[in-house]
Amino acid sequence: MFCYQCEQTTRSDNGDGCGTANIGVCGKDATTSDLQDLLVYAIKGIAQYATLARELGQTDKEADAFILYGLFTTLTNVNFSAPKFVSLIQEAAAHRDRMQALYETAAKEQGHTLANLQGAATWKPATTQAALQIQAASAAIDKDLDTVGADIIGLRAMMLYGLKGVAAYAYHAYVLGGEDEAIYAGIEKSLAFLAGEPSDAGALLKANLEVGHINLKVMETLDAANTGNFGAQEPAAARISPVKGKAILVSGHDLKDLYELLEQTRDSGINIYTHGEMLPAHAYPKLRAFPHLIGNYGSAWQNQHAEFAAFPGPILMTSNCLIEPAPAYRSRIFTAGPVGWPGVRHIENHDFSPVIQVAKAMPGYQEDAEEKTVTVGFGRHAVLSVADKVIAGVKSGAIRHFFLVGGCDGAAPGRNYYTEIAEQTPKDCVIMTLGCGKYRFHEQEFGDIDGIPRLLDIGQCNDAYSAIQIAGALANAFECDVNELPLSMMISWFEQKAVAVLLSLLALGIKGIHLGPTLPAFITPAVLDILVEEFAIKANGIARDDLAVALQQAA
Amino acid sequence: MSYKITLSTRDKQQFEFTCTAEQTVQEAAEAASLYPPFSCKSGICGACLATCKTGKYSLASYSDEVLSAEAVAQGDILLCRTIPKTDLHISVPYTADNIPQHIHKPRTAQIIALDNIAERTVKLVLQLEADSELGLAFDFEPGQFVELEVPGTKLMRAYSLANTPNWDGRLEFLIRLQEQGQFSAFLQQAVIGQSLLVHAPSGAFVLNKQSANPRCFIAGGTGLSPFLAMLQRAAEWGEDHPTQLFLGVNTEAEIMCQAELAALQQSLSHLAVQICVWKPVTDWSGFIGTPVDALRNYLQQHNSTQDIYLCGPPRLVAGASEIALDAGIDKARIYSERFVAS
């Protein structure tokens, strides 16, 4: 086992990454970690043939979708089930064989000489778990460390992790009917590039930025799928205190799962609560139209042990971030989509009847709590609808600066930085936020500037697309580059979706991003030097000082 | 005088607590709010079987059916009979989630069905009363057992659950009626509606959920119970793991649950069932012999990648373990539960 894909990975003087213990910090055991590496390897093999087939005009929807789903299962805090990965590896091999046949048939028909692929494209997975574990060494992320060095391994890893995030967002779009051939082509080409085990730092850096561009297309497609299915986000109050009655809690990011559950519990008397990254659901008109989408419960993912144990109903986990279910709620937590935990019941095909059965059997909330709300729904449509007001505010000096304070939350103590940034931001500044990082400050009262709320909740982490659109629109209005806007980005990262978003921001040429709470372990000092030189990327310092510098530079 | 006890689990977690020279390790664990699987607490059932890796200890009296002299020589112990003489490092054959840190109080249930399903075998169905905290829910892991107690008496026996965890409060058991058994005598005169106390579930005879290996289940008589629970859950969850089940009985009259097994095969396309009749009295056309014989044949024809699960009388468990070990199956992949007649 070697894994350093998330922010909480083990850091030590002997080297960063989880690997010496039998279990990672996230709770993923060594067996599962090794099998995930093999699945990624097998998926690269699919991509190698899919890329060649695509050049000959041949595509395969099943293989495209499998690549998204398969990579999504390997994100941090998604799937921990070793048997699941054994079966996914065999599935991947079957897809690869089908893509090989598709390519070779097309090549012969079109008179091309067959390509002589190597590596993942020719890999034969063992049929037993024990034998697969022996094969895992050949698929480890750091297997070439001695020959290519840590910088190349890190650049390959950053690209792979970015692609995992891209695949996860693309999967969210896919389940809502959002697809684009350019996305599949881009992901597959990038994976095929990685399958070639590249060792040129310049080429890898360029390929990383290309992943950022692919992710922009993915986030655009997901934005279109979300708004197409559920309407554009609108500012709305989301209740954050309980209501008497039976209850189901929905966590993760998958709005399709939430919608289906809302349909299946219509008129049942069961209230549906969002959790974590589901909070923005309250801003979508077609989801909000369900009266039993009653409110939001709890906070960000890392607090789920205490929060899920205290919730008086079942819990549905639709995507990351799942951590080991505690005995107190293990029998009433369900997974869906790419998520899985050994011994936890998995829901297929949106049939939530077992979840509903548990909700009916459990006591639910016995009484109403005092009503408390937070305001959500400041996506690009809402913000840009008052663009004139915002621009006037900037021009008059009423709005001095914008801070984008968002991304993932996590358990690391250093994440208080983001609370301090939000709290210490001067009253003539606007804070835009997204992702679950907002839970560190979103219940606070920030007031407004001439009717514009000082805290604008843009949505989920994938609504970074909205933030980019807003920044672009402001840059157009002021006839300047985004980097010249009075805008600072304080991005908190935890897992691979955030890596994809970071690569998108870099691909757009955005400079001066503060990235924290700690820099990724896979960004080596030499790679960091490049990122600092080309993108002026910054590590977190002291919140007060970083704020002062940001405001000073903008002045 | 007290000593440090370290329990290491299969998933490499560790639990530490102190134990005096007058306590058993099981008693000390419970005093520290740790509840490793247990049942009889008198050295008979084998539920608390473990292996001492380092340290000195004495063993109070125990049944040699669950702890042979050879096993003792290799360091095998029963936590309920082990009294430390030094610090001990003990390896337990289950994962950390099989050691709960609190234990629910016994709950009351009514008998709602008690049917003869085979010779000297009954199916007991209980309906729990609602609990203020848990409602009708009764959480357990398929493969675990509970102790049933006749209220107002000291009569208590452990039985494996034969159905899956549910939210309706329904508990099912397959029970072999023992000629001299006190609980068997109780059941033979029990009536519908009669109350029993159901103690918290225990036991580590549960599926290794992180293994993708094919499974081989060997059941002796009502040793079928935990396998019914495991297979029902697999069917409910759509987990069609390659599984071979051998059910051993003495005669055709003891064959049980054929309809349930057929229904499970409808749901689980990779489930194969073979009933093994040891001493047929009719023109039985199926396998003649014990499930140990059947396992021997099976392993001769298949590779050694199976995980082996054994449940039944001690002799069956010992015999099947030996066959599996001889076939090259690692000891760590042989999981067993012994039924002790009482």
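Me: At what angle do helix α7 and helix α16 of chain A pack, and how far apart are their axes?

Reply: In this predicted model, helix α7 (residues 201-230) of chain A packs against helix α16 (residues 496-507) of chain A at an angle of about 100°, and their axes are 7 Å apart.

Me: What makes α7(A) parallel, perpendicular or oblique to α16(A)?

Reply: The angle is about 100°. Angles of 65 to 115 degrees count as roughly perpendicular, so α7(A) is roughly perpendicular to α16(A).

Me: Which residues in α7(A) and α16(A) meet?

Reply: From α7(A) come N208(A), L209(A), V211(A), G212(A), H213(A), N215(A) and L216(A). Facing them in α16(A) are A500(A), V501(A), L503(A), S504(A), L506(A) and A507(A). Sorted by class, the contact of α7(A) with α16(A) has eight nonpolar, five polar and no charged residues.

Me: In what order do the strands of the open sheet in chain B stand?

Reply: The sheet has six strands in the order β11-β10-β13-β8-β9-β12 (chain B), and the pairing is antiparallel.

Me: What makes β11 and β12 of chain B edge strands?

Reply: β11 (156-160) and β12 (170-176) of chain B each pair on one side only. On average, neighbouring strands of this sheet are turned by 40° against each other, with direction ignored.

Me: How many bridges join β10(B) to strand β13 of chain B?

Reply: Two bridges join β10(B) to β13 (residues 195-198) of chain B, and these strands run antiparallel. The cut-off is at least two bridges, so they too pair. L148(B) stands opposite V198(B) in β13(B).

Me: How many residues of chain A are in contact with chain B?

Reply: 21 residues of chain A are in contact with 17 residues of chain B. On the side of chain A that touches chain B, α3 (82-109), α4 (129-135), β7 (345-347) and α11 (353-361) each supply at least two residues. That side divides into 10 nonpolar, eight polar and three charged residues.

Note on methods. Residues are numbered from 1 along each chain as its sequence is written. Chains are lettered from A and ligands numbered from 1 in the order in which they are written. This is a predicted model: local features need pLDDT of at least 70, side-chain atom pairs count only at pLDDT 80 or more; totals for chains, interfaces and linings use all residues. Axes are lines fitted to C-alpha atoms, for helices over the stretch in contact, and angles run from 0 to 180 degrees between N-to-C directions. Helices (H or I, at least four residues) and strands (E, at least two) are DSSP runs, numbered from the N terminus. Angles under 35 degrees count as roughly parallel, over 145 as roughly antiparallel, 65 to 115 as roughly perpendicular and the rest as oblique. Two residues are in contact if their C-beta atoms, placed from the backbone, lie within 7 Å. Ala, Val, Leu, Ile, Met, Phe, Trp, Tyr, Cys and Pro count as nonpolar, Asp, Glu, Lys and Arg as charged, and the others, Gly among them, as polar.
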